[in-house]
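Here's a quick tour of a protein model for anyone who likes cut-offs spelled out. Have the viewer open and follow along.

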Amino acid sequence: MEGDGSDSLVTIKNIERELICPACKELFTHPLILPCQHSICHKCVKELLLTHDDSFNDVGSDNSNQSSPRLRLPSPSMDKIDRISRPGWKRGSLTPRTTTFPCPGCEHDVDLGERGINGLFRNFTLETIVERYRQAARAATAIMCDLCKPPPQESTKSCMDCSASYCNECFKIYHPWGTVKAQHEYVGPTTNFRPKILMCPEHETERINMYCELCRRPVCHLCKLGGNHSNHRVTTMSSAYKTLKEKLSKDIDYLIGKESQVKSQISELNLLMKETECNGERAKEEAITHFEKLFEILEERKSSVLKAIDASKKLRLDKFQTQVEEYQGLLENNGLVGYAQEVLKETDQSCFVQTAKQLHLRIQKATESLKSFRPAAQTSFEDYVVNTSKQTELLGELSFFSSGIDVPEINEEQSKVYNNALINWYHPEKDKVDSYVLEYRKINRDEEMLSWSEIEVCGTSKVISDLESNCNYAFRVRAYKGSICSPCSRELILHTPPAPVFSFLFDEKCGYNNEHLLLNLKRDRVESRAGFNLLLAAERIQVGYYTSLDYIIGDVGITKGKHFWAFRVEPYSYLVKAGVASSDKLQEWLRSPRDAVSPRYEQDSGHDSGSEDACFDSSQPFTLVTIGMKKFFIPKSATSANEPENRVLPMPMSIGVFLDYDKGRVAFYDMDHMKCLYERQVDCSHTMYPAFALMGSGGIQLEEHITAKYLEYQEHM
């Protein structure tokens, strides 16, 4: 609680960022404490829930609970409120989804529980600090009396019971001596009113008086006696208050004692910034010097090549000119022809023969040149055209490589692609480098590679999103230390799934048999118990019956489009069946889950059954393949008399399922190599669900597409 007016004017310096909501980036307004201990405005919680309307329940929480905020917000559209105020049902879902909320503070999904916002505490302490900060920022702006007739007077007191501010006269009028109101608690002028006692959000009539050390949150005695905290270790509120206050005081004293050290480190950082600025400018000057040297060499080569071209051009033109003059002499009115005509006029035979012999040889030579015309020089300058393709490529990849930085290597085993690609790499000198650059590009079907996209990374892993389905992508990475970088690593080629990833969880209501199956809290893993119940079924086996399969399905159905999902089967599993099934077939299976039939009778079981052979070519409303004993069984085909040797394959580490609802096709993939193992038709006239069945000991783990994001977060931690 606040004390008098002087106490309320607490000196608040440099804490603005602690008072800013991570969602709206403004000062907190009625902040709520999330289970991850981050705070967020009540209005921001509602807005985020409206944006993620497929997840949560019970948003409209403006009830009488004193620990919940009371705000008058514009009413959102009724269809959105209806979608998120009820349990998180999704179209095609048979059960509600887990109530999760994306915390903008830590960027993790936190579980709000069944009560949603109703189960969250209001952070009154943070609210009070924000109010103090607002008052300090307003430079002691006066708070006016709420009861004065206009013009109102400046208030001197605020009543915490009436939640109003009064001047001296109005306080005396509304709190007369000798009445119950005279006993009300009052403080200095404030606009921050909060309940005197913190009430339990689970049991609204009970006050908070204990602290759960496991959950790290205040609880009431009913929570401890029979609620969610019955088996947890709790302590008294006074003990928790004393312990936490001592710890916080010690932390503050430690930080204050280190003030000189922090100032010294800030000065050192400022010097480092200046040094970085100088070194950066020096690096730029050195780079300019290197490029100027390259420019000088290029200019010199350019001048030399141009001079050689000019000299060759002059020589060729001279040769052509001489040849032109020779051919001009062959014309009728010029030179040789006119001289020959004059010689023909000579009548003296001896004189004619003496002159005509030499003239005949000259004319014969000219005539021969006419018969075999050949230019005296070439017109092409191909020999002087510089082929710079290799040099251009080298210049394009010009960088400051250094043999002092080892080449990072991409870890193929830890790198995988699902809806996103998780790329991990190993670098022995990761502590000596500043950052990495991850490059990736798509490879077209004709092996044509597009340009590289680059992402700067601080750690040794990165998640690449927005990849196209059914495409090959190449990845490579290089390390940087200052302006020096290592050569690129060897490229890794990954193939994306053939369709967008389909997200679902195991349905704990429809077909789930908790006597035989164990489902984890996240509903992404199921195990089959081969224990006492299986022994009790031995009598049925004695008289010729078999124990049936235990079915479990996904909580979201498919009514159109292409979808892909993946799962892992534990190596110790005896018999697991996985695939797709229509809603009408599921009703038939789940209506009598203990139907005493042999598992050999079921189609697509992978066993050599005549029923399977007879129905292989007809389109069935389900398709299930069999995995067990570290093997993957391809169902028998009725069209081939001799079965292939590779009908039984080694079990892949991860198995993918691709369903094309519109074309009625289902395929099973080896996720490690994105290779199709088996494909067939399936009847998709009804809603299709991911379907699984187990018998004996076994386990199925759904591939989580958020795993990559989690691994990246752990790497940064």
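**Ground rules.** This is a predicted model, so local features need pLDDT of at least 70 and side-chain atom pairs count only at pLDDT 80 or more, while totals for chains, interfaces and linings use all residues. Residues are numbered from 1 along each chain as its sequence is written, and side-chain values use heavy atoms, with hydrogens and water left out.

**Overall make-up.** The protein has 16 helices and 33 strands; these are DSSP runs numbered from the N terminus, with helices being H or I of at least four residues and strands being E of at least two. Of its 717 residues, 36% are buried. Here buried means under 20% relative accessible area, exposed means over 50%, and partly exposed is in between (1.4 Å probe, protein chains only). The accessible surface totals about 43600 Å², and carbon and sulfur atoms hold 53% of that. Those areas come from the Shrake-Rupley method with a 1.4 Å probe, and for residues only the protein chains shown count as cover. As for contacts (heavy atoms within 4.5 Å), take the ones between residues at least 6 apart in sequence: 64% of them join residues at least 24 apart.

**The core and strand E24.** Which residues have the most contacts inside the largest nonpolar core? They are Phe564, Trp565, Phe567, Phe632, Leu659 and Phe692, in a core of 45 residues. E24 supplies the largest share of this core, with five residues. A nonpolar core, by the way, is a set of buried Ala, Val, Leu, Ile, Met, Phe, Trp, Tyr and Cys residues joined through side-chain atoms within 4.5 Å.

A polar atom of the His563 side chain lies 2.8 Å from the backbone oxygen of Lys560. Beyond its neighbours within four places in sequence, His563 also contacts Ala499, Pro500, Phe502, Ile558, Val657, Phe658 and Leu659.

**Salt bridges.** Side chains of opposite charge can pair when their charged atoms come close. The rule used here asks for a side-chain nitrogen of Lys or Arg within 4 Å of a carboxyl oxygen of Asp or Glu, and by that rule there are 16 salt bridges. Three of them are listed here.

| Pair | Closest N to O distance |
|---|---|
| Glu213 and Arg233 | 3.2 Å |
| Lys284 and Glu281 | 4.0 Å |

Glu213 and Arg233 form a salt bridge. Glu213 is in the loop between strand E9 (210-212) and strand E10 (217-219) and Arg233 is in the loop between helix H6 (221-226) and strand E11 (234-236), so the pair ties together parts 20 residues apart in sequence. Glu213 is partly exposed at 36%, whereas Arg233 is exposed at 63%.

Lys284 and Glu281 stay within helix H8, three residues apart, or about one turn of the helix. Lys284 is partly exposed at 49% relative accessibility, and Glu281 is partly exposed at 36%.

**Positive phi.** Asp466 isn't a glycine, yet its phi is positive, near 60 degrees. Asp466 lies in the loop between strand E17 (461-464) and strand E18 (472-481) and is exposed at 76%. Met629, also not a glycine, has a positive phi of about 55 degrees. Met629 is in the loop between strand E26 (622-628) and strand E27 (631-633), and is exposed at 52%.

**A nonpolar surface patch.** Phe291, Leu294, Phe295, Ile297, Leu298 and Leu395 form a nonpolar patch on the surface, with about 570 Å² of accessible area together. Patches are made of residues with over 30% relative accessible area and no salt bridge, with like charges joined within 9 Å and nonpolar side chains (Val, Leu, Ile, Met, Phe, Trp, Tyr) within 5 Å. Helix H8 (residues 259-328) gives the most to the patch, five residues. Leu298 is found in H8 and is exposed, at 52% relative accessible area.

Conventions
Polar contact = N/O pair within 3.5 Å; in protein donor to acceptor, adjacent residues only side chain to side chain.
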